[in-house]
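Me: I'd like to learn how to read a structure one feature at a time. Could you walk me through it?

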Amino acid sequence: LKNSSGRTVFIQFAADPDIVIREELAPALYRNLVAIEVKGGRDYSNIHNRIGEAEKSHQKAKKDGYIECWTVVNVDRVNMDMACRESPTTNQFYRISELLDHKSPEYKRFMMQLISIVGI
């Protein structure tokens, strides 16, 4: 997409992290904006492992210069305080079920954050 500065912003699927958002500053020169780790498993008993995996991915992303790191989980009753403690590099946590509900406050927060960071 084109942002308000006329620069191209790429939203790409990747291996680790799962989704990256980068702004092209010049040919072959990018500003790494957001690294998103998606943890799709629904098993609540494994949430600590998933959050730990997200943290590991985000530590790598921070080293690669990503400004923001977001984690999306598929467990509705995740304790956000615990998640923040176990993945301190995650700037934002989102739940898939809330992102699917376009009227939820979490969806609105996601959209506002996304629009702001990509500059549209």
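Me: Let's start with a residue. In which loop does Ala28 lie?

Reply: Ala28 lies in the loop between β2 and β3. Helices here are DSSP runs of H or I with at least four residues, strands are runs of E with at least two, and both are numbered from the N terminus. Before going on, note that this is a predicted model: local features need pLDDT of at least 70, side-chain atom pairs count only at pLDDT 80 or more, and totals for chains, interfaces and linings use all residues. Residues are numbered from 1 along each chain as its sequence is written, and side-chain values use heavy atoms, with hydrogens and water left out.

Me: What is the phi of Ala28, and is the residue buried or exposed?

Reply: The phi of Ala28 is positive, about 65°, although the residue is not a glycine. For accessibility, buried means under 20% relative accessible area, exposed over 50%, and partly exposed in between (1.4 Å probe, protein chains only). Ala28 has 70% relative accessibility, so it counts as exposed.

Me: Which residues does a cis peptide bond join?

Reply: Asp16 and Pro17, with omega at about 5°. Pro17 sits in the loop between β1 and β2 (19–26).

Me: How do I read aromatic pairs, and how many are there?

Reply: Rings of Phe, Tyr and Trp (its six-membered ring) pair if their centres lie within 6.5 Å; planes under 30 degrees apart count as stacked, over 60 as edge-to-face and the rest as tilted. Searching the whole structure gives 4 aromatic pairs. One of them is Phe10 with Tyr30, edge-to-face at 6.0 Å centre to centre and 70° between the planes. Phe10 belongs to strand β1 (residues 9–13) and Tyr30 to strand β3 (residues 29–39), so this pair ties together parts that are 20 residues apart in sequence. Phe10 counts as partly exposed because its relative accessibility is 27%, and Tyr30 is partly exposed at 30%.

Another edge-to-face pair is Tyr94 with Phe110, at 5.0 Å centre to centre and 90° between the planes. Here Tyr94 is in strand β5 (residues 92–95) and Phe110 in helix α4 (residues 105–118), so parts 16 residues apart in sequence are tied together. Both Tyr94 and Phe110 are buried. Ring pairs also link Trp70 with Tyr94 and Phe110 into a cluster.

Me: Which residue lies over the face of Tyr30?

Reply: A charge sits over a ring if NZ of Lys or CZ of Arg is within 6 Å of the ring centre and within 35 degrees of the ring normal. For Tyr30 that residue is Arg22, at 3.9 Å from the ring centre.

Me: Now salt bridges. How many are there by the rule?

Reply: A salt bridge is a side-chain nitrogen of Lys or Arg within 4 Å of a carboxyl oxygen of Asp or Glu. The count comes to 5. Among them is Arg95 with Glu106, whose closest N and O atoms are 2.6 Å apart. That pair links distant parts of the chain, as Arg95 is in strand β5 and Glu106 in helix α4, 11 residues apart. Arg31 also bridges to Glu23, with the closest N and O atoms 3.5 Å apart. Glu23 counts as buried, at 5% relative accessibility, whereas Arg31 is partly exposed at 39%.

Me: Which buried residue has no salt bridge?

Reply: Glu55 is such a case. Lys and Arg count as positive and Asp and Glu as negative, while His and the chain ends are not counted. The nearest side chain of opposite charge to Glu55 is Lys62, 9.0 Å away. With contact meaning heavy atoms within 4.5 Å, Glu55 touches Glu86, Ser87, Pro88, Thr89 and Thr90, not counting residues up to four places away in sequence.
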